[in-house]
Structure formats: C-alpha cells, structure tokens
Amino acid sequence: MRAFALILLCASFWPQSFVIAASDSGEIQTRESITDRSIEIPEWKDWKRVFLLQDYNTRVVILGTTLLGMAAGMIGSFALLRKRALMGDALSHATLPGIAIAFILATSLGLNGKSLPILLTGAAVSGLLGIGAILLIRNLTRLKEDAALGIVLSVFFGAGIALLGIVQQMQTGHAAGLESFIYGKTASMVASDAWLIGSAGLTCVLISILLYKELTLLCFDEGFAISRGFPVVLLDMTLMGLVVVVTIIGLQAVGLILMISLLVIPPAAARFWTEKIVNMTVIAIVLGALSGMIGSAMSAIFPNLPSGAMIVLVATVMFLFSMIFGIPRGILIRKLRRYELNTKVNRQHLLRGIYEYLEARGLLNEKQTSETTLVPLAALHQMRSWSLPALKKIVKRAQQEQLVETIDRDQIRLTSAGLQEAARVVHEHRLWELYLITYADVAASKVDQDADAIEHVLEPEVITELESLLVRQSTEGVLQSPHAIEIQQAETNPHRPDSRRAT
Amino acid sequence: MNTKESFTSAPQPGSSPTETPLSVYDLTVAYHRKPVIWDVGFEIPPGKLVGIVGPNGAGKSTLIKAIMGLIPKASGRVQIFGKPYQKNRHRVGYVPQRESVDWDFPVDALDVVTMGLYKEIGWCLPVRKKHRVRAMEALDRVGIADYAHRQISQLSGGQQQRTFLARALVQNADLYLMDEPFAAVDAATEKAIVQILQEMKQDGKTALVIHHDLQTVPEYFDYVILLNMRVIDHGLTEDVFTPENLQKTYGGRLTLLEEATETMRRREQSL
C-alpha cells in the first residue's frame, strides 16, 4: 500500500498537465470509418490543444471517461470478487444487436438515430436479454455456465454484425459511426453524451459505496448472507445491474469488445497491492480513472486510433507494472521471499549438519560456549542430498554472516554466534519432530523429512506453544533427537532410547 | 445430565426457558429430483449439544442448509423456537463448512467476524468502532485475537475455523448450526471449540453440530441424530448411540429407496 502511494504520487503529476481534446468541432466525424486507420503524426498544435484542455467539449469528454473508469474500477472489483467478470463480457457483446435495432427503429420513426440515449437504451435491452438467455440456458439445460456464456456472446454479437450490415444498406440516415460502439471512439462523443456517462458512472459508485458491506458479504459468503436474511437474489441483481449500467455507458468510449478490460484489469491490478478489500476498491478506482483519463487523451492526439484500444493499453501498462512490482502479491516480491526462505533453509541445514556431526562424536562440551572443533566438508556433504558446489556456496554465505569460519579449503568450524544459532535451530527442529511423533502418529524414521519441510516457517509463538506442550520431554538446552542420526563413521548413537516413549 | 422427561416433553410455544429450539417435520429435499433427505423429522431439546452423525452423502449438510432456507425444501416444515425460520433467524448462528468460501478473499479475520454483525448494523451504515470491539472480543473468546489483522488465507485451517465460529458467536444467538466445525482442525482448535460449546451450553444455548468422528460423540454431545437420508434414530446419546443403530446408519445401504429414486430420476431425464 505504501509503495502504491508512491507510484500514485508520481502518476498524479501526469493528468494535471496531460489532458485532452476531442475533435475541434465536437461534431460526429461521419466521414471516417473504423477501417480508416491512417495515423497522422500529431502536430505541435494538437499536443498543445490536448495538454491545455483548450475546448469545453474536450474537458467534458475527459471528465466523463474518468468517471467511467472510476465506476468500472469499483463495480469491477465486486464483479471480480463475485467471479462474474465474464458475465460482463457476454453482456457487452450482447448489446450490439440492440444498438443496430435502436438505430433502425429511431431512423424509421424520424428521430435522430445516433442520439446516445436511444442507442444505449437499445444496448441495455439487448444486453439484459443476453443475460436472461444465459440464465435460461443454465437453468433449463445441463450445460454449464461457460458454455452458456460462449453461446450467447457469439450469437448476439453475430446477429449484431449482421444487423449492422443491413443498417449500412439503408437509404435513410448515415449509419457510419455505429462502429464506434465496437471499438470505442471518444471523438464521436459530444458534451451531453459525456455528462450522461459521467453522471451514470458517479451514481454507480455512490450506490456501491452505500451497499459496500452487503456486497462484500455477498461476494465472500453467499450462504451466510442468506442465513442472516439478506435478500441475496436482490443484491445479486443489483450488482449485475451496476455491471450492466457501467458496461452500457462504457460502450461509446471503450467499445463493446474491450469494455470487459476496464471492468477486470484495474481491480485485478489493484489486488497485487493489497490484502484489504477497501484498499482494493480504492486502488481500482484510481487505476480505472487514470486509464480512462490518459487513454482518452491519447486518442485525442491520435484521432484515428480507437479510444478503446488506448484505454486498454494504458490499463495494461498499469496491470503489468502491478503484477511484477506489486507488494505484497506481485511476482518479484514473491520470488524474493521464496529466495530468502531457501537461503534460510540452507543456512539452517548447514548449521544443523555441523551440530549433529559434532554431537554424534561427543565433541560438544557441556556449556556449548567455547569454539568448536573442525568439521570436514566431505562429512557434511554426505549428510544431505546437496551437491558439493551448492554446499560451498552455502558455506560462503554463512561465512559472510560470521556463523562459520573456513580454516582451509575442506574444513570449517562454527563461530560462537554460529554455535548459538545452530543450537537454536537444532532445538526447534527436534521440538517439531517430537510434536509430530507425539501428535501425528508419524513413524520416527520418517520424521526428519517432514519436520524439515515445516520447521523453517515456524513462528516464535508456535515454538513457545510447542515447548509448553512438550515440556515433559524436554531437557535443559537442546533437545535430544528422537531418532537415530545417520552420520557416516559415527560410532556412537547419542540419542536416549527412552525419548522414543512418546510414540 | 438432565432427566429424560425434559427432552421428550412437547414443544411449548412462547414459554422461553423450555421452548424447543428446533423442530423439523417431514422434511424432504431433492437435487435434480433426486431426494437427498427424505421425510426427516425430529425435535431438539433446549440447552443441549446435539450431534448429527451419518456417512458421507447422508444429507447432513443438506439438512442444515434446508433448515435455514439456503436450499429449497421439496416438502416439510421447520420451526425455530416455535416460529418459521424467517421470523426467528436473529436467534440462529450459522457456522458454514470451511471449504464453502474462497479464503483468498481480501479481508482479515476481524472483517470476517464483523460480518456477523452486518444485519445488526443495518443497511448502508458503516461498521463502527463498537462493532469492531465486539468482533475482537469474539476473536479473543476463540483464542485467536492475535491474528485479527491477518489476511484470512494466512490463517491455519484451525484458525479459519475459529474465525467462522467467532463470526457466529458475535451475534449472540440462541441456537447454533455448525457444519463440520471439527473437520481437519488441529488438536488445540478442537479443544477450544469443545470448550466454547460447553460454555454455550452453560449459557442455556443449543448447538446442532455435524460431526464425523464417532469416537468423540459420547464425550461431546448430549443428544444425537443418526442420519442417512432419513433419521435412523434420535435421542439422548446414551440411548441411541448404540452399535445396532450405527450399523443401521453406516452399514445398511437403503437399497430399495435408492433404487426407486434412481429409476424416477432416469425416467424424469428421458422425458
């Protein structure tokens, strides 16, 4: 979380200066089709126009997409935690036939076929029909949800494409521009559209803040929620309704193919930074807002590139960064922790090996304080399945930590700090072994390996608990080993036979 | 231990100390038209620890879920302290199976326990300090207050189970329904849960617990329900927890009933 705040601080310098402009006129650019992808290198005046937020329309469009990103981040968090993210994808694809039909109907009635409220109403109706179809398939047949999603998604999208083909042939009205709903195009947004999108997005955020605990409970433990009398079906429908609204209002800016990304990527990225749901939603809101803001700014500078792609690319950069560098759940930190654990395990193995070698030969003195005798590396090498080079590397590291001293190439000895640490390690190892024998009915000869796996991650409170639990068996100082220690050339078996009584 | 009469006395609606916490009448539940429990009926006496035992697939979880309306009943009736579940659900605490949730969920142990208070806090209102204090007390009672701020996947199985128990305790119910609270927990957790069950009993509360370990049944429970699709027997542990009854519950497959329902189900599908 703290690391994330730092990144936010850096990011916050961006949007203040880096903001947008849509088309100068604010009119729908009908001459361009979605296949027109010629990229013009933006001139200085274009950059300036965007940076300085020069016209009203630009400002509103950016505000609208930012609010959209916030809403998507928030609602997406719950959709993700409820494991319903793909439902949003099916939903957004299912909106296409509705858009086409709304256009045809409105045009034939003599209305403006490209009015956003009309098109979005059509989109919502057909999106909801799509969800209904999914639920119907799932409940009436034995098909699983993924099959139902796949069928509905493709059938509705296919129907939508066919209908768009019909629209293109129509005599009345300019159909061009409808494709912007497929890939997203902020350039075709006018101020009133942006206001509609922004206010709907804000409403979604407010509703989910109000229902925060109820939605959290729904996502975590539906059964418990029902048992406590929460109207789970209603809550589920509310959440789905919020997903519908966010998806619908995102169609114009992000496009129906890519809308799912704005719902999924910011929350998924946020999850790498936190273990608390509140933080997760806040971070998702911020990431969503930044994606919307920067993405629409980019598309204003490159007007022929679909804004949906821009928004997704921005979100993806944030996601990749979070996935790699996120703390506490990113890849790097987890690798690092793994590495640290391995190092610790290796060090403990080395110390225990030396200790047990000395113990087997009766070379440990009573008080265990003075310097100990030399141990040949070859003997240690035989005690575990480690290669000689690996062992030497471990010894070298232990030497740096001043736990052992190398006398010549083949012999080492413990320092007094090393001896202390070794005694502690051996004691904990044997505590754990004894616990396994006493309480888990593990055969004594198998214990060593089992104990190995777990003991390295024992926490101090567990050690204390083990000690109090096994206090009868423990003697002063380091515990005796509950099993025979196999050491080459060891003549004596130091363990007390009666320590096996625990089994 | 109480005398036998107090258990067999008829339910007296309205009179609080001897109210029957739970009565189940002719309950049948089916998945895909296949009955999971069949004509189940029993009453449990107040202030007792009641164990439900039976083999895998006997419908123990289904019974508890159907009592609370988590899954629909095909037929039958359930009364909690003499009223339908909906009227008295505030008096019921539920401890679900540990495997029923995703423990990677971004909440800590304290958050989970606080969920037991969401109903009481009310719609749209935030969790306040006094609620967190109560949740903390519940965690303390189950002995894991030190782990309150751990993300729940970093708790051990026993600690997760105790978290669920604390979530039910915090709502201060009168009847607790627990779905295998002893499943795969460490010895210390088992001891802690038994301790809490005993405390509940002393406070006059009733617990209905699904249990797998037959050895500990006589030690933990005053009253036992033997279940295998139907109720084989129920009553005081010393009376009904007998080798013959266990043989009936675990040994005797209800072949005829199973065959009949299987045939019905196939016919249903082929239609």
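Biologist: In strand 7 of chain B, which residue is the bridge partner of Met178(B)?

Modeller: This is a predicted model, and in it strand 6 (residues 175–178) of chain B and strand 7 (residues 206–210) of chain B run parallel, joined by four bridges. Met178(B) belongs to one of these bridges, and its partner in strand 7 of chain B is Val209(B).

Biologist: Which strands stand at the edges of the six-stranded open sheet of chain B?

Modeller: The pairing in this sheet is mixed, and its six strands follow the order 5-6-7-3-8-9. From one strand to the next the twist averages 15°. A strand at the edge has a single partner strand, so one side of it is left without a neighbour in the sheet, and this is the case for strand 5 (92–95) and strand 9 (230–236) of chain B.

Biologist: At about what angle to strand 5 of chain B does helix 7 of chain B run?

Modeller: Two helices of chain B can be described against the strands that they lie across. Helix 2 (residues 60–67) of chain B lies across strand 3 (49–53), strand 6, strand 7 and strand 8 (223–228) of chain B, and runs at about 140° to strand 7 of chain B. Helix 7 (residues 157–169) of chain B, for its part, lies across strand 5 and strand 6 of chain B, and its angle to strand 5 of chain B is about 170°.

Biologist: Which residue in the turn between strand 1 and strand 2 of chain B has a positive phi?

Modeller: Strand 1 (residues 22–31) of chain B and strand 2 (residues 34–44) of chain B run antiparallel and are joined by seven bridges, one of which pairs Tyr31(B) with Lys34(B). The two strands form a hairpin with two residues between them, and the residue in the turn with a positive phi, of about 50°, is His32(B).

Biologist: Which strands stand at the edges of the three-stranded sheet of chain B?

Modeller: This open sheet has the order 2-1-4, with antiparallel pairing, and its twist averages 20° from one strand to the next. Each edge strand has a single partner strand, so one side of each is left without a neighbour in the sheet, and these edge strands are strand 2 and strand 4 (75–80) of chain B.

Biologist: Are helix 7 and helix 13 of chain A roughly parallel or oblique to each other?

Modeller: The axes of helix 7 (residues 116–140) of chain A and helix 13 (residues 232–254) of chain A come within 10 Å, and the crossing is right-handed. Residues that meet here include Leu120(A) and Gly127(A) in helix 7 of chain A, and Val244(A) and Thr247(A) in helix 13 of chain A; by class, the contact has ten nonpolar, three polar and no charged residues. The axes cross at roughly 135°, and helix 7 of chain A and helix 13 of chain A are therefore oblique.

Biologist: How many charged residues has the contact of helix 5 with helix 14 of chain A?

Modeller: Helix 5 (residues 85–93) of chain A and helix 14 (residues 259–271) of chain A pack at an angle of about 165°, with their axes 8 Å apart, which makes them roughly antiparallel. The contact is made by Ala85(A), Gly88(A), Asp89(A) and Ser92(A) of helix 5 of chain A and by Met259(A), Ile260(A), Leu263(A) and Val264(A) of helix 14 of chain A. By class, these comprise five nonpolar residues, two polar residues and, as for charged residues, one.

Biologist: Which residue with a positive phi follows helix 17 of chain A?

Modeller: Helix 17 (residues 331–360) of chain A has 30 residues and reaches 43 Å from its first C-alpha to its last, close to the 44 Å expected at 1.5 Å a residue. The residue that follows helix 17 of chain A has a phi near 65°, and this residue is Gly362(A).

Biologist: How many residues of chain B touch chain A, by class?

Modeller: The contact takes 21 residues from chain A and 19 residues from chain B. By class, the side of chain B that touches chain A is made up of 14 nonpolar, three polar and two charged residues.

Definitions and conventions
Residues numbered from 1 in each chain as written. Chains lettered and ligands numbered in written order. Predicted model: local features only at pLDDT ≥ 70, side-chain atom pairs only at ≥ 80, totals over all residues. Axes fitted to C-alpha atoms, helices over the stretch in contact; angles between N-to-C directions. Parallel < 35°, antiparallel > 145°, perpendicular 65-115°, else oblique. Left-handed = near helix turned anticlockwise from the far one by under 90°. Contact = placed C-beta atoms within 7 Å. Nonpolar A, V, L, I, M, F, W, Y, C, P; charged D, E, K, R; others polar. Pairing = 2+ DSSP bridges. Expected span 1.5 Å × (residues − 1).
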